[in-house]
Each structure stands twice: as C-alpha cells, then as structure tokens.
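Here are a few friendly notes to read alongside the model. Take them one at a time, and find each residue in the viewer as you go.

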Protein chains: 2
Amino acid sequence: MKKNASCDGCPNKNCFIGHIQSPEWKLKLSNSKHLFIQKPGQHIFLEGNPVFGIYFILEGKVKVTISGKGNKEQIVRLAKDGDVLGHRGLGGDFYPINAIAMEETVLCFVENSLLYSAFIANSEFTFEMMLFYSGELRKAEQRMRYLAQMNVREKTADALLFIRDSFGINDETKELNVEINREEIAGIAGTSVGQIIHNLSDLEKQKIIDKTGKKIQISDEKKLREIVSAFYP
Amino acid sequence: MKKNASCDGCPNKNCFIGHIQSPEWKLKLSNSKHLFIQKPGQHIFLEGNPVFGIYFILEGKVKVTISGKGNKEQIVRLAKDGDVLGHRGLGGDFYPINAIAMEETVLCFVENSLLYSAFIANSEFTFEMMLFYSGELRKAEQRMRYLAQMNVREKTADALLFIRDSFGINDETKELNVEINREEIAGIAGTSVGQIIHNLSDLEKQKIIDKTGKKIQISDEKKLREIVSAFYP
DNA sequence: CGCGTCCTTGAACCGCGTCAAGCCAGGTGG
DNA sequence: CCACCTGGCTTGACGCGGTTCAAGGACGCG
C-alpha cells in the first residue's frame, strides 16, 4: 500500500473504511493475504466468477461493467477509495458483473465467513450495509430512467457528470480526476464512441467543456447540468 | 382485506409476509390503521413524498415508476403480494419513485419507528432485508443493460417476459395474470406506444403471442425467450 | 346513436449507429 | 534527428431504425 488510506473526515457517507480500520478488524485483516494490488486494466473479478467475499477499495479507481452484445461493455458504476466492491454477489453464488481497475488499486478482500460473522456480531454494521444497498438501488434505478429516456446529447452530458460526481474534478484546472477514454464514456452513456466524440465536440464549441489537454475539463459545470436538468428533481 | 394473505409455501424467496405474520408483529399490526386498500390507478406514494415507513403488499399488484420528460413514465419494477414497497426511501428523506396500484391492492404500512425497532431487535431480519436489497440491485443493473443495448424488438419481448416473470401467466390459457395497456408496456420497455403495437403485431404474426382476447397470451414462451437470449447468461 | 378510450396502421421525418478516411501524439528504430 | 508505425481521436457521409403524427377502426358506455 503506497500510503495509509484514511477515513477521517471522509465526505463519503458510505465509506466503510472506518469499519475495517477498527482495532478488531485491523487484527483480523493484519494478515497480508487480505490486501492486494491491481494494475490498470486488470480485472478484480468477472461475470460468472464464484463469490468468495467482498472487497473494500483502499486506494484507486474501479469500473464495474456488464458485458453486452458484441463486446460492448455497459458501465454501471464507478468506485473509488472508501467504496465497497462485489456486494452484488452477496446472497448469490456468482458475480453478475465485472470489476476492472482503472488505475493502480489497493484492495482489501473480506471473505464470506469473516463478513458473515461481522454481520452477526455487529447489527449496526449490517444496518449500515443495508442503507448502502438502498442508496445504490436508488441510484441504479435513476440511471435506468436516464438510459431509457435521454437523447444522446443528454446522455453524454450525464455521463460526464456521472464521472465528475464519482471521481471529482481538480478545483483549479477543472480537469476530471481520472484518465478515461472515449470508449469508456460511451459505455457509461450507453451509446457509441462515434456519438460521444461528436457530442463532446459540440460541447466544446459551446465552451461547456475543454478537451485540449489530455484530460477533459468541465469549464462550465452549471450549463452542463442544465442540459440534463429536466431529469433531476 | 378480502382474504387472509398467506405466506406458507410461498415460492418467493424474498417474501416478507412471514415476518409480519409472526405473533410479535401481528400484535403490533393489529391496529387497523396499518392496513389500507388502494383502488386501481390510485397512487400509494409519489416522487418527492416524505418517507414515513415502508409497505408490504398483502394482496394486489403495483407498478413502481419514475416520471420522465414529457409525462412519460418509466416502469422500474412490478410488485405483487408478498413484496416490499417503498424500501428505496429507506435512508433517504423522500421517495425517489412513484408507486401506483394496478388493481385493488391491500397494503400493510410499517412506520419508520416500528421498522427501525425491528432492525435493532432482529438482526436476522436486517440481514434478510439486506440480501433482498442485494437482489434488487442486481436486477436493476441487469435491466440497465437491457435498456441501453437492446433494440425495440428485443425490448418488447423482454418487457413481456418481465411482466410474465413478475405476475405469472395462467397455465391453461397462457394469458398474463394482469391487465396492462400498451402505454404501460411501453413504459417497461422504454420505448413508444407505436413501437410496442408494431412489434406486438409482428410477434402475433409469428404465432409467438396472441392478443385476440383482452389479455395478451404468450403462446410460445420458448421462442420469446430466444429473442432476448443473447442478453441472458 | 353519439361519444370516449384504447388500439392499429401507415407514412414522413430525423436521430443515431456505423463506417471509411484522415489527423495527431507518442514510441521505436535506423 | 528523422522516418515510420501504432493507437486513440476526429470528421463527415450514409442509411437504417425508431419516434411521431394523423387518420381510422374496435369496443364499451351513457
């Protein structure tokens, strides 16, 4: 682990690192076999893999995808440090999705037996976990609607905001805090690479974004949100 | 309540009626204010309503929708007796979705304080609830992919199967066990009414369905599933 | 019988996916 | 230091598929 991931002051309400950093858990997890590192592009688990437990991201970024027709991958979630991974497997035998590291990622694996004993011992943890699921479900169903009803321009804007809200932007440069290519953006928006490029160009002409540099800059977040405002309360 | 809903032998693994029929709960819920009836078309709660608790469906059918651009409603879930309703609100302040009765529906309302006390008292209940969320999340993310990648013909077939799997069919007549109009089917498929009608006609010509009677009959379920088989493992 | 609601059909328009061709930047080797 | 290659990005054109709309049919109801 490059640095000690901390949860103090973490703005992410659903951050579980606090739990796994408690003395009790630290002892259990001190065995190094629980921690491992994935390089960018490496998969953490794939659709159909048996479920042995869940993962906590200590550091890094991960995309969660569902593989579709003709090698198209639909990105259903973006996760970063403090997030849980593989929780969709819980209660089933096989993962229904793929998890792939987007950059060097440090993971903490918690095997089923340990996890279940935590659920039994700590009902508050179970409760929090349930709330976490509730929030994820809400988000997933919202995105369902976007995919069904938005046109491509709106989907493109929404995908950018989705990335922005998942990984954040640099306050100064307004660059997205992640390296992401057109294909991945298309995978989030649920459209083709061609359309993404087309619409990114349009957005740039309107000075809403800037893609001169390597990373996309969101110059005018307000206008970007206006594009999709009809879909948000 | 027209008849006493029972959970015995219920094939639905996620049926919660068993819980609320335990002696402990029966006592708590014996107060009649917890039970109420909704007529078809009446809403149980709407987007933006404050969350006071959750609901269990004792009898009837309910559609869960998200209202979209231009009065289009996207149906994200179909629920029947034994299902929970309003659980998306848990952990948030307002419902993110609408719940509307599709036929006369008997509901049991469980207010937050009662629910939370159940979570504290019965960690197994919390655990089961968590697993339920996990399953719902999985389903929602699968449907996300379908909406993004299927063409209209596939969406139409998938919508029919979605209804069939949610509410079942009459074994003899092969009719869907629910009255549902074209607009609602379009809301499930995430397409327009025109396309639904067009594709239903096509499916009828191929003798896969029959819509002579009032309710749609699924004559050849196998062929219907073949249409979408590329999307299911 | 007239009215309303839901369903059906067909035609016109246009948004979107696809593809071919070219651009640019970074890496590699002579 | 330049020539070449490769992979990601960009642009524009084409054509299919889907949305939308208008007009009409089927059915139930007052």
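This is a predicted model: local features need pLDDT of at least 70, side-chain atom pairs count only at pLDDT 80 or more; totals for chains, interfaces and linings use all residues.

**Notes on the DNA contact and a helix pair**

1. Of the atoms of DNA strand C that come within 4 Å of the protein, 69% belong to sugar and phosphate.

2. Next, look at some individual atom pairs. Thr191(A) has a polar side-chain atom 2.7 Å from a phosphate oxygen of DNA strand C. Gln195(A) reaches a base instead: an N or O atom of its side chain is 2.6 Å from a base nitrogen of DNA strand C.

3. Which elements give two or more residues to the surface near DNA strand C? They are α7 of chain A and α7 (193–205) of chain B. By residue type, the surface near DNA strand C has 7 polar, 2 nonpolar and 2 charged residues.

4. Now turn to helix packing in chain A. Helix α5 (residues 152–167) of chain A packs against helix α7 (residues 193–205) of chain A at an angle of about 80°, and their axes are 9 Å apart. The angle therefore makes α5(A) roughly perpendicular to α7(A).

5. Finally, see who makes that contact. From α5(A) come Val152(A), Arg153(A), Thr156(A) and Leu160(A), while α7(A) supplies Gln195(A), Ile196(A), Asn199(A), Leu200(A) and Leu203(A). These contact residues divide into 5 nonpolar, 3 polar and 1 charged.

Terms used: Residues are numbered from 1 along each chain as its sequence is written. Chains are lettered from A and ligands numbered from 1 in the order in which they are written. Side-chain values use heavy atoms; hydrogens and water are left out. Axes are lines fitted to C-alpha atoms, for helices over the stretch in contact, and angles run from 0 to 180 degrees between N-to-C directions. Helices (H or I, at least four residues) and strands (E, at least two) are DSSP runs, numbered from the N terminus. Angles under 35 degrees count as roughly parallel, over 145 as roughly antiparallel, 65 to 115 as roughly perpendicular and the rest as oblique. Contact means heavy atoms within 4.5 Å. Ala, Val, Leu, Ile, Met, Phe, Trp, Tyr, Cys and Pro count as nonpolar, Asp, Glu, Lys and Arg as charged, and the others, Gly among them, as polar. A residue is near a molecule or strand if one of its heavy atoms lies within 4 Å of it. A polar contact is a pair of N or O atoms within 3.5 Å; within protein, one must be able to donate a hydrogen and the other to accept it, and residues adjacent in sequence count only if both atoms are side-chain atoms.
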